[in-house]
Amino acid sequence: MAVYNLWLKKEAHSIHPNWSYVFGFFAGILGGAFNTGGPPIVLFGTLRGWTQMQFVSTLQGYFLPSDLFILAGQLISGILTKTVFKYYLLCLPFTLLAMVLGKYIRKQIPPGKFNRYIFILLLAIGILFLIRSVLSA
């Protein structure tokens, strides 16, 4: 999808809002299994043609409840241990710093370039996942 939108797509397309159920379903599966529910939501947002502010606010509104459910599931299943929580607390200041820097960087991105940058990041994540799966096999 990222390659298509970066290099092959010639005209804008928009999908019906009812596709949100399909993308949400796959985001839930990926989020629960691998903590990576974001890519389907990002793809849906770009296919719907969201503006930069719609994109950012919708993702924030999606990830808060989604991550709370994932966290609860991991706590119930025993995956979330004291060691994991300790590392979470150690990373928290860096996460907060990244949020501040991200907000600053987002404001510097021209609206016409935002979707292009999203697809570049999706392509990079996809390549990293592919490399990781090949190396672990």
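Which residues in α3 meet α4, and which residues in α4 do they meet? Let's start there, everyone, and keep in mind that this is a predicted model.

On the α3 side we have Gly38, Ile41, Val42, Gly45 and Thr46. Their partners in α4 are Phe55, Leu59, Tyr62 and Phe63. Sorted by class, this contact of α3 with α4 has six nonpolar residues, three polar ones and no charged ones.

Now for the geometry. Helix α3 covers residues 38-48, and helix α4 covers residues 52-77. Their axes come within 11 Å and cross at roughly 150°. If you turn the model on your screen, look for a right-handed crossing where α3 passes α4.

Next, please find α6, residues 111-136. Helix α6 has 26 residues and reaches 38 Å from its first C-alpha to its last, close to the 38 Å expected at 1.5 Å a residue.

How does α6 sit against α3? The two helices pack at an angle of about 150°, with their axes 11 Å apart. Angles over 145 degrees count as roughly antiparallel, so α3 is roughly antiparallel to α6. This crossing of α3 and α6 is left-handed.

Who makes that contact? From α3 come Pro39, Val42, Leu43 and Thr46, and from α6 come Asn115, Ile118, Phe119 and Leu122. By class, the contact of α3 with α6 has six nonpolar residues, two polar and no charged ones.

One more thing about α6: Phe114, Ile118, Phe119 and Leu122 are buried there. Ile118, Phe119 and Leu122 are also among the α6 residues that contact α3.

Thanks, and I'm happy to take questions!

Definitions and conventions:
Residues are numbered from 1 along each chain as its sequence is written. This is a predicted model: local features need pLDDT of at least 70, side-chain atom pairs count only at pLDDT 80 or more; totals for chains, interfaces and linings use all residues. Side-chain values use heavy atoms; hydrogens and water are left out. Axes are lines fitted to C-alpha atoms, for helices over the stretch in contact, and angles run from 0 to 180 degrees between N-to-C directions. Helices (H or I, at least four residues) and strands (E, at least two) are DSSP runs, numbered from the N terminus. A crossing is left-handed if the near helix is turned anticlockwise from the far one by less than a right angle, and right-handed if clockwise. Contact means heavy atoms within 4.5 Å. Ala, Val, Leu, Ile, Met, Phe, Trp, Tyr, Cys and Pro count as nonpolar, Asp, Glu, Lys and Arg as charged, and the others, Gly among them, as polar. The expected span of a helix is 1.5 Å times one less than its number of residues. Buried means under 20% relative accessible area, exposed over 50%, partly exposed in between (1.4 Å probe, protein chains only). Angles under 35 degrees count as roughly parallel, over 145 as roughly antiparallel, 65 to 115 as roughly perpendicular and the rest as oblique.
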